Amino acid sequence: MYLIKIGGGKEINLKGIISDLASLNEKLIIVHGANALRDELAQKLNIQKKVVTSLSGYDSVLSNEETIDLMMMAYAGLKNKRIVELCQQNGINAVGLSGLDGKIIVGKRNSGIKVREGGKTLLLRDFSGKPKSVNKHLLNLLLENGYTPVLSVPLIDENNFAINSENDDIVALLQSEFKAEKIISLIEAPGFLLDKNDENSLVSKLSKEELEAMEQKVEGRMKRKILALRKLFENGNTTVIISDGRTEHPVLDALNGKGTIIS
């Protein structure tokens with residue numbers, strides 16, 4: 001089985017990705033983003049996004065009720081159904097679900113994010129959290145009957161409220177349950193870059209042991225992403241491929257050795 005993580009950038013070639021996936025003879029779970037669409041909708045609706053940095057150095061979007069509404073529109077709504085539509089057009093019998101549906105991904109709401117503002121330490125509470133459990137029975141029911149799950153945020157928390165979460169953490173949780181042979185992450189870059197502004201700084205191969213040292217060298221959202229990558233290896237061996245989602249054949253390129261291979 002393969003886990004496929006599709007980034008939410010504007011330049012991601014969704015048609016190419018789904019066409020490639022249709023050529024594979026593998027069970028798939030797809031997890032997708034929609035950050036570009038979310039930001040576009042926020043601008044149209046005049047909703048301001050607030051990014052905060054925790055005391056430990058991790059960046060995240062503060063998730064209030066307006067943000068959750070945006071996520072339902074962008075992630076679980078338009079982007080999810082467009083991906084399902086593409087899947088159906090390519091012969092993949094997809095089912096689009098958010099973490100809310102059938103409690104397919106249950107999370108625990110964060111107790112708060114500690115930040116420094118105006119010289120003070122503040123505890124900010126919002127509708128965000130960590131994924132903690134998967135409705136594996138429901139996912140297996142779909143997979144064993146020929147359906148391909150297409151998953152998105154929001155998740156559902158312990159009190160049955162919708163919450164935001166990181167797709168990297170969701171993929172890590174799915175991997176702990178399904179032990180996928182390969183995890184393919186498709187992004188708006190050739191792979192893992194030492195310098196995000198220099199596409200020539202591609203790291204073609206990484207060992208799982210090197211990830212911890214790499215985490216100390218980066219900041220912000222990349223720091224969070226490397227932590228999530230490390231979690232993918234906590235429950236057994238797998239191969240993680242971070243590759244360019246903008247090419248003509250993103251998935252086939254990844255499987256043919258392009259991008260960054262972590263094993």
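Student: In this predicted model, which handedness does the crossing of helix 1 and helix 3 have, left-handed or right-handed?

Tutor: Good place to start, and do keep in mind that the model is predicted. The axes of helix 1 (residues 14-22) and helix 3 come within 9 Å. The crossing of these two helices is right-handed.

Student: Which residues of helix 3 does helix 1 meet?

Tutor: On the helix 1 side, the residues are Leu-14, Lys-15 and Ile-18. By class, this contact has 5 nonpolar, no polar and 2 charged residues. The partners in helix 3 are Lys-79, Ile-83, Leu-86 and Cys-87.

Student: What about helix 2 and helix 3: how are they oriented to each other?

Tutor: Helix 2 covers residues 35-44 and helix 3 covers residues 65-89, and their axes come within 9 Å. The crossing angle is roughly 130°. That angle makes helix 2 and helix 3 oblique.

Student: How many nonpolar residues are in the contact of helix 2 with helix 3?

Tutor: Helix 2 brings Asn-35, Leu-37, Arg-38, Leu-41 and Ala-42, while helix 3 brings Leu-70, Met-73, Ala-74, Tyr-75, Leu-78 and Lys-79. Sorted by class, the contact has 1 polar and 2 charged residues. The nonpolar count is 8.

Student: Which element gives the largest share of the lining of the second largest pocket?

Tutor: That pocket has a volume of about 200 Å³. Its lining includes Gly-8, Lys-10, Ile-12, Ala-36, Leu-37, Glu-40, Leu-78 and Lys-79. Helix 2 and helix 3 are the elements that give two or more residues to the lining. The largest share, 3 residues, comes from helix 2.

Student: How many charged residues are in the lining of the second largest pocket?

Tutor: Among the lining residues are Lys-10, Glu-40 and Lys-79. The lining also has 5 nonpolar and 2 polar residues. The charged count is 3.

Student: How are helix 4 and helix 5 arranged relative to each other?

Tutor: The axes of helix 4 (residues 136-144) and helix 5 (residues 167-178) come within 12 Å and cross at roughly 75°. An angle from 65 to 115 degrees has its own class. Helix 4 and helix 5 are therefore roughly perpendicular.

Student: Which residues of helix 5 make the contact with helix 4?

Tutor: Helix 4 contributes Lys-136, Leu-139, Asn-140 and Leu-143. The whole contact divides into 4 nonpolar, 1 polar and 2 charged residues. From helix 5 come Leu-174, Glu-177 and Phe-178.

Student: Where is Lys-103 found?

Tutor: Lys-103 has a positive phi of about 50°, although it is not a glycine. As for its place in the chain, Lys-103 is found in the loop between strand 5 (94-98) and strand 6 (105-109).

Key
Residues numbered from 1 in each chain as written. Predicted model: local features only at pLDDT ≥ 70, side-chain atom pairs only at ≥ 80, totals over all residues. Heavy atoms only, no water. Axes fitted to C-alpha atoms, helices over the stretch in contact; angles between N-to-C directions. Helix = DSSP H or I, 4+ residues; strand = E, 2+ residues; numbered from the N terminus. Parallel < 35°, antiparallel > 145°, perpendicular 65-115°, else oblique. Contact = heavy atoms within 4.5 Å. Nonpolar A, V, L, I, M, F, W, Y, C, P; charged D, E, K, R; others polar. 1 Å grid on protein atoms, 1.4 Å probe; cavity = no way out; pocket = protein on both sides within 12 Å on 5 of 7 lines; lining within 4 Å. Points joined across faces, edges and corners; volume = space filled by probe spheres on them. Left-handed = near helix turned anticlockwise from the far one by under 90°.
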